[in-house]
Structures are given as structure tokens and as C-alpha cells.
Amino acid sequence: MNESTPEQKLDLEAISQKLKDKKGPAYWRSLEEVAKTAEFQKWVDDEFPNRRDLATIDRRSLLKFMGASLAMAGLAGCRGVFLPEEKLVAYVEQPEELLIGTPLFYSTTMPFMGYGFGVLCSQREGRPIKLEGNPRHPMSLGSINSMVEAEMLNFYDPDRLSNVIQQGNISTWEQFAETASDAIQAQVAKQGAGLRFLTGTVTSPTVAAQLNTLRSKFPQSKWYCYDPIDRDGERKGSMAVFGKQYETRLDLSKANVIVSLDSDFLLRRPDSVALARQWADGRRITGTDGTMNRLYAFSSRMTTTAATADHYWPVRPSELEIIASAIAAGLGVGQAPSSLPVDASIVSAIVKDLQQNQGSAVVIPGEEQTPNLHALCFAINEALGAFGKSVLIQEPVDYNPTPRVDQMTSLTNDLNQGLVDLIFIIGGNPAYDAPADLNFGSALGKAKVKIYLSMYETETSAVCDWTAPVSHPLEAWGDLRAHDGTISLTQPLMEPLYDSWSVIEFLSSLYGPKQEGYDILRDYYKQGPHKLDHNKFKVALYKGMLEETTQPTVVPKVNTASIQPVAISPAGTEVRFQSCGKILDGTYSNNGWLRELPDQITKGTWDNVIEISPAMAQQLNISSGNILKVSTQLGTVEGPAWIQPGQPNNAITMTLGYGRTAGGVVATADEATGYNAYVIRSSQSMGFLPASAGATIQNQGGDFRFANVQLHNGMENRDIVREGTMDEMKQALAAGKKPFRFPNEEEIDLDDLNLYPKDVFRWDGPQWGMTIDLTTCTGCNACVTACQAENNIPVVGKDQVARGREMHWIRIDRYYGGNKTSSPEADTLSAPPVVFQPVMCVQCEKAPCEPVCPVAATVHSHDGINQMVYNRCVGTRYCSDNCPYKVRRFNFLNYQMEQLQFQDIQKIPLLKLLNNPDVTVRSRGVMEKCNYCIQRISDARIEAKKAGLPIRDGSILTACQQACPTRTITFGNIADPEAKVAAMRKDPRSYLLLGDMNTRPRTSHMARLRNPNPEIVS
């Protein structure tokens, strides 16, 4: 489990039998918990694990890899001890639009997977500090995901490239521009025959127009695009059945039945935030009213979508085509396969459900699955009448939509043939993440002049002659199209922190004098197809987008004859390549917030693992922590094994984006680099290696040191999670019982046993509370990162996480198992159902932490908030000992002190800019916890008082609530009967976490409702 609790070999067969015999817990978080190993029990019994080791910590070893982004996350301790305090001169004339202490909000756009994601950025006295979703933007709808939220940390990252680099030496923009100018002028006579451009996905109308201008000036030049996480399957599948490349966008608000075939649409798509909202809106139940959509998932890995599905079946990656073929045959398309990886009755029941929901059903293929699977799904969705409803077919938003692998292969061939004199690489990191069989890094070295624009000095920098710093989107003008085509504008919130150029500024210098970003953007929209005058351009900037610019949709006819016959998968081991749910393809490798964020499923931090099923691990005698050697024709990779319930047999999952050798202090941390799965990823098999590829697995033994949080802060198997079906709830209510109780749970009226008055706090004013609906929680972690950004929560590093000392104020507990009535696989390891439960300080009215604090550092406010007075706290930790919810975090060390980047005095002022000035900065030796974002409550109280009005319901959004894509969290005044949160507390599904302890939490939870297919359950 960690360094101080060595892994005891588990008897997986005994664990499985224990669950089947119902001798294990109804809900469990790990295999060790079910097995009740001695090491596990020792870990649970110790409130502060490994506390004895604190005196032996070598601080330099402890913190040697916690550089760059880690310090920015918690620079709260930067006091005058090591930072000189200087007097500032106030504004002689305060800017008219600026009110000191009051944030300004600007609409702008962040890139996410190449597409535009609309955000609102709060700015304090000229410095941006927080990103929120733009409510007007169709891809964010006011919410955000962890990766876009963490862009703020990237912005202030001292590891960003700050100078032009020429072959490892610092140079200047003047020397760089002269070299680039000479090299491109040499191409004039050749009409650009030796000129190449390599970019990622380009959805910027301005960048596309500039590249087209360059290509018209150099007609023999070529422009290539490459992304390691591509959509080639959809592109090629579209070409097969339509004879033309289209993009697919989904509208799940029109889908009552959803079938996912290896698609993690709730997390890993450019439009995942919008899709998560649509999916959740189709499951919201008030009391016993409403209907729920139904989600089936067949997946080659336990993903967030698979975990939230009403039914989930693990299958090998190659078997997804077989499932799709069987569904298509059931709908009258093609021939049924001769055998299935699941029971035929399951597919029959799903087909029947789809047919009964004709016009309101959709089948979603995996983003990294084969072209033939996408072709099959096009045919299925056409047969279901989904086109124009839940499935919208549109012209590509990408301006160069040719399949990425084909483009990279062509470029590599050009390089190897000596056809490239000059290549511009704009963004990306192809020397690290290109298909291994192309050996792109070696081929790139054959170009005569190699120029690279990047925010970081990466693996590609080592191969290039020049690396120039490109501006962050928060300091540059630009534009991007959202996944639905909406044109979204980017505006700078701050002058560039370094001497960097934006992409559009750099491209302008290649065909004329360098222009400023604003002038380039303004000229394009003044003269281009939109012809925006000054006022319309200002309105577009205000809104962050040009309205009514979505891509038109079409309803093409599917050519089913082009679909290839499906072959039965041969026996053998398959290797699934999966983008990381935190750092994607490695884009966010140097971001401390995301590296320390627990994985949505495994709950691992910092490293990547090789996921293997319990049955396969037992067969190969593998334990979690053993080092596995995965060998293919392209090479070998070694990484730690992680036994993952719900992983298909004879298939392992390897996560991309780790194993970096450049890119920043955090990305290349000695103790938390991870393995690089790209070195065995082939251009012929980008999504997975089939069994025919001959991959082998060898157990090298060992006991890898994980920093995994799934066993931290447990609640001793108490009554935690409640779930069930609508029918079960109605039956219980009809019988006069509280629904979703455990079988042996007594139904006691706690008020009858209470020695204290029912209303503990009586105050004629707001009483704040929160409700969390487990039905819609996907465990995406957006709330965790938003809380970290809002409240100056430090990153502590792998070693401290492994010791159980992570500082996140919110944790999302992930439980397996549950109710067999609604989940047939509840008592197995093969595909156990999953429940996500966000837990933070629940603000007890009778808080056990308060009477034990000797200095009254934890006290109650008049409006019901359990407050922390940091300057009183002396670190006794009695409050944490007494907290049954284990939601308090003790700041063991000054995590922001004595780190590598503090040796560079010039970078320290930059690090000071990130912190939220409304939140107290905490130093070593104090207890921290959630406070309902009390700074936001205070702001709303002041504004309401100034207006002479009561605080309006919904006017206060906590950071976690505002970020949540599915609107799982509701906050408000529970004393107001008209408030939404008050109504939700009275809902039949509402319950208080550990309510039998009579702590009376202000945060309530709502039981998770599942919507299983009765034919499958029976």
C-alpha cells in the first residue's frame, strides 16, 4: 500500500469467495480492505500513519523533486523569512474600472484537446488567479474540468521556457528571427519545396488563415498535423461509410438509452463537460418524480463512464467490434457474429431496449477504437434514427482533418528522404509521443533547420536547432473553435511573463513584418467572413465567443456494404493504451495539481501503473507493486502492476503521458516519473495492441512504492453509501420506511434519544448547508482541483502522500460492491459496480472537534459554519482524532520552503502571484479543512447588505459547486424553505453521513439511484 506498509500477497480466490458468501463488507475500497490484512488494519488504526518516521526525514531528499508547480500551489508560506518585504507605491490615479480588492472577470478561451473551451477568468489588480466555466459557452456551460482549471498553474510555472534556446544555449529573438527569415527566404526560389509545418489540431480560424497565406506564398510547402490522442478511428470510419470525413457531436439530452462501446465520454472528449451535464440532466429525480436515462458500458478498462454506468461489462479491446456487430445484427444491419464475449441474452436485452427507444437512443464508440467499430456505430445510430437528434454529423471543425497517423507517416518519410530543408514545429512534443515505429526523433535530425515553438523545453527541443517560447493563452490574443464549431475568442489577462510570442505573432513574421496579436486578430475579423465592426467585436470579446457560429449539420446516408466483417479475437494478451484522466497525453506532466490529483478509478497519484485483472494476476502470480516487463516487437517497458477490479481478463491497460525526460522539474521528478508507454505504441495500433502483436508480460518481482490514497481517511466500514433503484425507493416509501437502509440497520428517531434541543443554533439569518447527489457524481475530480485553486492548498509531493498526508480538502471516495438487487455483479471482482462519494468537512452542528480543541481554534459561526481560526491553532490534532469523517488535514511541513526553484531569486516574485488574496495563507503546524468557501459567502453578504436585500438563493456558488460539470453539489440557506438546498434535504433520498452519531451535518448526501434493465437484473 505504501512504503511503511509492505504489500502482503493477497489470496484473490479467497477474496472473491468472501464477497460471494457475503462475509465481506457491502462496500469496499480495495482488495486489502476485503482481505483484512494485518498491514491494512495497522494503517486504519493509526490516525496519522508513519508519524514516527517524521523525525528521520531527510528534507532535501523529501523535497528534491517538489519543484516548479508544487511550490506555486502552496507558496502561502512565503513570508518575510526568506522573501524581502518591499513597500509598494499606490496608484496615483486609480484606473476607472479597478476597485482594489474586488476581482474583475473576463471571458476568454482555453485550448483543450485542440478545441476551444470557454472560461471566465478572475483578475486581481492585474493578475489572473482563477478560472471558471463560461455559462454562455456551449462546451463549458458554466462548469470546468480539472485540466482546464489547472491551466492557471501552468501560467505561473517558473519552468516555462523564458528564453530563446539555440542548441542548448540561450539566444535572442533577434538572432532567432534573422535565422528564420534567412531560412524561409531560401525557400522562395523552390516555392517552399523544402518547407514543412507541423502543428497539433488547428481549430483557430486566424491560425488556419495564416498557414494558408504561407502555403499560397510557398505552394510546394506542406502542413502536417499530429496529436498523440487522435480521432483517426472516427475519421477513417466516416470515410468508409460516407465517402467523406465528418465529425460527430453528441446531444445526450435527447437520449434515453446510451450504450458506450469503450468510450469515456464523461471525461476524455473535448466536449466531455457538456456531455456530462446532458447525461446528468437526464438522471435528475425529485422525490419519486421524473425519469432516468439508462447507460450501458462495454469497456476495455474501468473508466469514469464505465463506473457510472447502470450496467458494465469488461471486454478485451478487440472484442468491442464483436459486441457492436451483434447489436447491429439485432437491428437488422449485417450478420451476427458466431460467438460473443458476453452472454447473448445481455445483447438481446440491450437491443430490445434500443428498439423501444427508437429516436432517443445512441451507441457511442470509443474515441481510440478502430475505424470499423466507428463504421458499425454509424450504421447502428442510423438504424436507431439518432442522426439529427442525439447524433449530429458535421463538417470537421479541424482545419486539417486528415488522419493524424497518416500525416505523421508522410512527414517522417519526407524527413528520411532528405526532402526537408526547414521545418517549423508549433506546439506538441512529437519526439516524445510519436509512434515508436516511425522513430520520428531520428528522422527529425535529418532536416537542415529545425525550429520549435513551445511553452517548455521538451524532448523535442533536444532534437531542434532552435526552441522559442510561445505565450500562454492567458497572455495572448487568439481564437479557437469549440467542438460544435462555435468561434471562441482568447484575450490576454496579463502582459507576457516572459519575452514570448504568440503563435499568430510568430506566423505573421514569416510572411511580413511581425504584427501585434490584437492587430492580427482584429484585422481577420474586420475583413474576414464575419466582418465585425468595432462594437460587434467588443460584444464578442465580452461574451467570449461569436454566437450562431456552430458548424452546420448534415444527415448523410450510411453505406453498410463498406463495413468489414468482424473476426473473432484470437487468444492472447492485449495491451490497451489509455490517455491519462489527469495529464492527458503528457500535456500537463509538469503540473503539480494534476500529478497529485488521485486517479478517478485507481486513486493513485504521481505515477502511472499497469492495470491487470484479479483473475489474470492470480494466474500469473502477480501482486500489486510487482514490476512487470511488457515486451513487444518495438521494445520493452517496465512498470508497476496494479490489480484493478473490473479490468478485463487477458488485457492490460497502460497509461500514456508519463516517463518524461524533459519538460520541467515535476515532469522529470526522480521518484515520480513513471514509465513511458509511447515506446511500444505502433502507428498501426494506436489504441491497442491486439493479441496477434505477440506482447508478453514477465513478472520482475519487487515492491513498488505507491502513493495511493484509496485507503486513506477511512470511516471504519460505517454506514457510508446508500444506493438503489426507483422501484426500491417507492416500495420502501409505500411501506412507511426510510428507503435505502442497510438490511441490519435500525430505524431510530435520533431526536428521541437526544439530550440537547433539536435546534442547536438559533439565529435569525442564513444557515448554510450543502447537498451532494450521488446519482450524478462521476468522480471526475473537477471539484478537488477547483477547491485547491480557490483555497491556496499546497501540493505535498509523492513521499508525503504515501505517508497519508495529502492536503486536499475534498476527497472523492470510490467504493466497489453494493446492492445485488440492482447490480448483479455486486459480489464479484470481475465487474463490481462503483459508487463515487465526495466528502469534505460536513460542518456538524454538534461538531466533535470543537469541545476537544484546547485553544478554541475550531468554533462555530452564527450561520452554522465550523470555522478554523488558524492563528490560534497549535497543532495538537485532537480535532482530527475526534472527527469521524476524517476530513481535517494537518500541515506537517512547510511544503513551500527549501525547494529547488527558490535558489533562483528572480523567479520568486512570479510564484507569489498565484495565491487567492481572499483566503488565509497557512504555514506549518496548523489544521486545514473545507469552510464552505467562506470568503465567497462574505462577499455575497456584503453585496446584499449594500443593496439592502436578503442574499438571493443561488447567488453563492462554492468553488466545488461552480466547477462541477454535472451539478452534483447544491449550496444555500437550509433555513429558507424556498431554497433549493432545503428542498433537497427533505427529499426521500437524502441522508446524513454517519447520521447515527448525531453530529447533525450541514452537508447531506442523496442516495445514488441506478436504472438497471429488469431483464438483465433478473
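Good morning. The model is a predicted one, in which local features need pLDDT of at least 70 and side-chain atom pairs count only at pLDDT 80 or more, while totals for chains, interfaces and linings use all residues. Residues are numbered from 1 along each chain as its sequence is written, and side-chain values use heavy atoms, with hydrogens and water left out.

I begin with strand 14, residues 391–394. Strands here are DSSP runs of E with at least two residues, and helices are runs of H or I with at least four, both numbered from the N terminus. From this strand V391 and I393 point one way, L392 and Q394 the other, and all are buried; buried means under 20% relative accessible area, with exposed over 50% and partly exposed in between, for a 1.4 Å probe and protein chains only.

Which strands pair with strand 14? Two strands count as paired if DSSP finds at least two bridges between them. Strand 9, residues 247–250, pairs with strand 14 in the antiparallel sense over four bridges, and R249 has L392 as its bridge partner. Strand 21, residues 553–554, is also antiparallel to strand 14, over two bridges, with V554 opposite I393.

Next, an open sheet of four strands has the order 37-30-39-38 and mixed pairing. Its edge strands, each pairing on one side only, are strand 37 (969–973) and strand 38 (990–991). Strand 30, residues 768–773, runs antiparallel to strand 37 and is joined to that strand by five bridges; W768 is partnered there with N973.

I turn to the nonpolar cores, defined as sets of buried Ala, Val, Leu, Ile, Met, Phe, Trp, Tyr and Cys residues joined through side-chain atoms within 4.5 Å. The largest has 161 residues, and L252, L261 and F298 have the most contacts inside it. Helix 15, residues 371–383, supplies the largest share of this core, seven residues. With contact taken as heavy atoms within 4.5 Å, F298 touches residues beyond four places in sequence that include V259, L261, W313 and I350. A second, separate core of 29 residues includes V164, F176, I184 and L211.

Finally, the cysteines. How many disulfides does the structure hold? There are zero, a disulfide being a pair of cysteine sulfur atoms within 2.5 Å. For C780, the nearest cysteine sulfur is that of C964, 6.1 Å away; C780 is buried, at 16% relative accessible area. For C930, the nearest is that of C841, at 5.9 Å, and C930 is likewise buried, at 9% relative accessibility.
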